[in-house]
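Hello,

Here is the structure for your files. My notes follow below it.

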Amino acid sequence: MTFHIGAKPGEIAETVLLPGDPYRARWAAQKYLENPVLVNEVRGMLGYTGTWRGQRVTIHGSGMGMPSLSIYATELMKDYGTQTLIRIGSAGALQNEVKVRDVVLAQTASTCGSPSRSIFRELNFAPCADFALLSAAHKAALNIGVPVHVGGIFSSDTFYDERQDLSDQLQRHGTLCVEMEAAELYMLAARYKRRALAVLTISDHILTHEALPADQRETSFGAMVEVALEAAFA
Ligand SMILES: O=P(O)(O)O[C@H]1O[C@H](CO)[C@@H](O)[C@H]1O
Ligand SMILES: O=c1cc[nH]c(=O)[nH]1
């Protein structure tokens, strides 16, 4: 047990999928894992361990934002020995060719600040995905047939953006989408020498304001979960 995770030693798998939403963790575990067992519910942050094609997997909520993600990712790596961490999140599209329901694989994630900012001081560290996971996820997305984009994303500290100038520069420099956790996940994985990837589903479009209807969220998130599982065990 840790401050924030109630699982006993051995109850967390070496591969963990991390949705921001704990209810997405429950949905994905019940839909994709064999024999999912609830291993954490401290603060309502649900985590389930089961198997996928015979391989042990945990699906655990990370909460919203980098401070929350950093707590769970750090405890998973340091206290439970997690080796592979794949975020399965929603994101807002920043490019016209990136459409609602498309999958984005975050090759790198820019940020204005994250919990790791204080240790990097003046260094603008460039967080990046594990290449083997990224490559396997791309192959899996092509096999599944879901539209997929690979490139840079933005991990924001704010959902309600007040910086149109920043959005304009991100868009101008080819940033595919915005979400709120990947940059810190990649920084932590680099620090602890683990594998990390963010697989994202576009839930809304920053330019067109199109959004995924609530009743289509689950079905649209399925491809992302399948891509993450295929990549983890490729
Ligand atoms: O759908 P999740 O994984 O929570 O991800 C996105 O959704 C939340 C904001 O609504 C933030 O956590 C953002 O990163
Ligand atoms: O952080 C996020 C997540 C989904 N959609 C957004 O616009 N922002």
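Which residues does Leu197 touch, not counting residues up to four places away in sequence? Leu197 touches Ile86, Leu105, Ala129, Asp130, Leu133, Leu134, Ala137 and Ala231, where contact means C-beta atoms, placed from the backbone, within 7 Å.

The model is predicted: local features need pLDDT of at least 70 and side-chain atom pairs count only at pLDDT 80 or more, while totals for chains, interfaces and linings use all residues. Residues are numbered from 1 along each chain as its sequence is written, and chains are lettered from A and ligands numbered from 1 in the order in which they are written.

Core. Leu197 is also among the residues that touch the most other members of the largest nonpolar core, together with Ile86, Val104, Cys177, Val199 and Ala228. That core has 72 residues (a nonpolar core is a set of buried Ala, Val, Leu, Ile, Met, Phe, Trp, Tyr and Cys residues joined through C-beta atoms within 7 Å; buried means 20 or more other C-beta atoms within 10 Å of the residue's own). Helix H7, residues 217-232, gives the largest share of this core, 9 residues.

Chain. Buried residues account for 48% of the 234 residues. There are 7 helices and 9 strands (DSSP runs, H or I of at least four residues and E of at least two, numbered from the N terminus). The C-alpha trace spans about 45 × 40 × 30 Å along its principal axes.

Ligand 1. The residues around ligand 1 are Pro19, Gly20, Asp21, Met64, Gly89, Ser90, Phe159, Glu179, Met180 and Glu181 (C-beta atom, placed from the backbone, within 6 Å).

Regards

Note on methods: Buried ≥ 20, exposed ≤ 12 C-beta atoms within 10 Å, placed from the backbone. Contact = placed C-beta atoms within 7 Å.
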